Amino acid sequence: MAKKKNFFERFANWATNATGSSAAFIIAASIILIWIITGPVFQYSNTWQLIINTGTTIITFLMVFLIQKSQNKDSKAIHLKLNELIASHQGTSNRMVNIEDLNEIELDQLHKFYVRLATLAEKESDLTCTHSIDAAEENNSNKLNSVKQRKSYKNAGNHNSKQSN
């Protein structure tokens, strides 16, 4: 499954690893320190200022693309791993696979369902028994119906009213 990476892929991986290292930070801090020290030598000229401004602008511009590529790749890998977990687990809802492709309104709607699921889950003593909104509603309904069938539940209203007298 490991496919040979193209040059840009290899370079991007190397660059993101290298620039995220302690050594890269030390080198960058050293360059800034050298630039500051050389200020009096160059009499804080416009050229002296332009060197650091141009250098940092170019590096920042290029790093934005490398960082974005790295984040896109990581995000895709995480989504695929989560999709595999969802697809492989019998109790999960396959509706969650590829939800990253939904628009903002659809994601907000789905979020409301999970807020509802959390509310239903709070009513349950065992959170592991609920795997989806449908299951949560069914479990909650079954529990309520079961509780309502109990003799103690039917007498609960009478018991409270007797105590209040």
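User: Where is Tyr44 found in this structure?

Analyst: In this predicted model, Tyr44 is in the loop between α2 and α3. The backbone there has a point to note: phi of Tyr44 is near 50°, which is a positive value in a residue other than glycine.

User: Stepping back, what does the secondary structure of the protein chain come to?

Analyst: There are seven helices and zero strands. Reading from the N terminus on, the elements run α-α-α-α-α-α-α. Of the 165 residues in the protein chain, 13% are buried. Contacts give another view: among those between residues at least 6 apart in sequence, 25% join residues at least 24 apart.

User: Let's look at one residue in α1. Why is Glu9 called buried?

Analyst: Glu9 is found in helix α1. Its relative accessible area is 16%, while buried means under 20%. The value falls below the cut-off, so Glu9 is buried. Not counting residues up to four places away in sequence, Glu9 touches Lys69 and Lys73.

User: How do you know that the buried residues of α1 line one face of the helix?

Analyst: Start with the residues themselves: Glu9, Ala12 and Ala15 are buried in α1. Seen down the axis of α1, these buried residues fall within an arc of 135°, so they line one face of the helix. That set of buried residues packs against α3. On the other side of α1, the exposed residues are Phe7, Trp14 and Asn17.

User: How does the reach of α1 from its first C-alpha to its last compare with the expected value?

Analyst: α1 has 13 residues and reaches 18 Å from its first C-alpha to its last, close to the 18 Å expected at 1.5 Å a residue. The expected span is 1.5 Å times one less than the number of residues. In α3, with its 43 residues, the reach is 62 Å, close to the 63 Å expected at 1.5 Å a residue.

User: Which residues are buried in α3?

Analyst: They are Trp48, Ile52, Met63, Leu66, Asn83 and Ile86. The buried residues of α3 pack against both α1 and α2.

User: Why does Asn83 count as buried?

Analyst: Asn83 has 11% relative accessibility, and the cut-off for buried is under 20%. The value is below that limit, so Asn83 counts as buried. This residue lies in helix α3. Leaving aside neighbours within four places in sequence, Asn83 is in contact with Met96, Val97, Asn98 and Glu100.

User: How much space lies in the largest pocket?

Analyst: About 660 Å³. Its lining has 26 residues, and those that lie nearest the centre are Thr19, Ala28, Ile31, Gly55 and Ile59.

User: Which helices each supply at least two residues of the lining of the largest pocket?

Analyst: These are α1 (7-19), α2 (22-37) and α3 (46-88). The largest share of the lining comes from α3, with ten residues.

User: How do the residues of the lining of the largest pocket divide into nonpolar, polar and charged?

Analyst: The lining has 22 nonpolar residues, four polar and no charged.

Definitions and conventions
Residues numbered from 1 in each chain as written. Predicted model: local features only at pLDDT ≥ 70, side-chain atom pairs only at ≥ 80, totals over all residues. Heavy atoms only, no water. 1 Å grid on protein atoms, 1.4 Å probe; cavity = no way out; pocket = protein on both sides within 12 Å on 5 of 7 lines; lining within 4 Å. Points joined across faces, edges and corners; volume = space filled by probe spheres on them. Helix = DSSP H or I, 4+ residues; strand = E, 2+ residues; numbered from the N terminus. Nonpolar A, V, L, I, M, F, W, Y, C, P; charged D, E, K, R; others polar. Buried < 20%, exposed > 50% of the residue type's maximum accessible area, 1.4 Å probe, protein only. Contact = heavy atoms within 4.5 Å. Arc of directions from axis to C-beta.
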